[in-house]
Amino acid sequence: PGGRHVALLVHTEAGAEVWLMETTTWRVVAAARNRRPVAPWGRWGAWSPDGAGVCFASQDNETPCTTHLEFLRLHGQTEAMTQKGDHLDSCPGFLSASQVVFSRVDYGRTTSEVMTASGPANVSEVVLLDMRSKQVSGVTAGQVDRTPAVSPSGAISFVRLDAYRGQAVYVLKQPAEAYPLIGDILTFPMSYRTPRAWIRNESQLVVQSGSVLYAVSVPAGEATRLQITDPVDGGWAISSDGNAIAYASRGRGVILAPLR
């Protein structure tokens with residue numbers, strides 16, 4: 001926030017690290033070097049709205065299939081935000097400077113509503129963390145919901161897997177109920193890695209399907225293809241004013257285009 005610092009997920013000989021760097025001198029001001037940051041479903045961390053630091057998913061050395069959330073501050077301190085356990089905490093996004101929404105896959109619970117090749121799917125819910133009290137509470141319950149994306153004012157989109165729609169993007173504006181915005185997988189191919197970004201005061205959600213970007217109206221769910229002729233790779237971002245998009249195509253670097 002403010003463009004003064006950038007957060008990088010860096011792979012070194014010692015393993016993955018999180019670096020916070022100044023954008024004027026490109027000096028590393030903070031680093032999480034004794035952790036194991038990971039990027040489940042392509043999402044690894046998020047800046048707090050006040051720019052105080054980055055919340056990221058970290059792997060537990062004792063149980064490498066599980067992750068918890070940690071917070072790296074600009075002055076270098078790293079603090080555990082969620083407890084280690086039989087779960088996968090990932091894809092954090094900030095509702096406020098002290099509230100984080102994230103995805104938790106619970107390995108101890110399954111739901112018969114969604115079947116996989118190996119049996120019932122593990123319950124994976126959208127969860128709210130209060131960073132001051134370290135208390136967590138469920139936003140969704142008993143579903144297979146992952147990869148929440150948060151708007152500046154607190155609207156949440158996530159991908160839900162269910163027995164009727166396949167994989168679909170849902171929207172939740174607290175405290176209202178979540179509702180399906182777009183899907184299913186047969187008509188609008190997507191996955192848990194499906195990138196999303198809020199634009200135009202939450203009236204639209206940009207969603208990637210394959211190599212194409214769509215602007216989806218909220219709450220109508222009408223999808224309009226963005227006028228980008230290149231196939232879009234997995235990495236893209238919306239400018240802070242919502243008027244432009246930066247993306248990669250066919251391995252080329254960043255391409256800027258007006259968002260319309």
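1. Glu 70 and Arg 35 form a salt bridge, with 2.6 Å between their closest N and O atoms; the term denotes a side-chain nitrogen of Lys or Arg within 4 Å of a carboxyl oxygen of Asp or Glu. This pair connects distant parts of the chain, 35 residues apart: Glu 70 belongs to strand E6 (residues 67-73), whereas Arg 35 lies in the loop between strand E3 (28-32) and strand E4 (45-47). Strands (E, at least two residues) and helices (H or I, at least four) are DSSP runs, numbered from the N terminus.

2. The model is predicted: local features need pLDDT of at least 70, side-chain atom pairs count only at pLDDT 80 or more, and totals for chains, interfaces and linings use all residues. Residues are numbered from 1 along each chain as its sequence is written, and side-chain values use heavy atoms, with hydrogens and water left out.

3. Buried means under 20% relative accessible area, exposed over 50%, and partly exposed in between (1.4 Å probe, protein chains only).

4. The structure holds 13 salt bridges. Another of them joins Arg 104 to Asp 89, the closest N and O atoms being 2.7 Å apart. Here too distant parts of the chain are linked, since Arg 104 is in strand E9 (residues 99-116) and Asp 89 in strand E8 (residues 87-96), 15 residues apart. Both Arg 104 and Asp 89 are buried.

5. Lys 173 and Glu 202 also meet through their side chains in a salt bridge (3.8 Å, N to O). The two residues are 29 apart in the chain: Lys 173 is in the loop between strand E14 (166-172) and strand E15 (179-182), and Glu 202 in the loop between strand E16 (196-199) and strand E17 (204-209). Lys 173 is partly exposed at 32% relative accessibility, whereas Glu 202 is buried, with a relative accessible area of 15%.

6. Strand E2 (residues 15-22) and E3 run antiparallel and are joined by 4 bridges. Leu 20 stands opposite Ala 30 in E3.

Notes:
Pairing = 2+ DSSP bridges.
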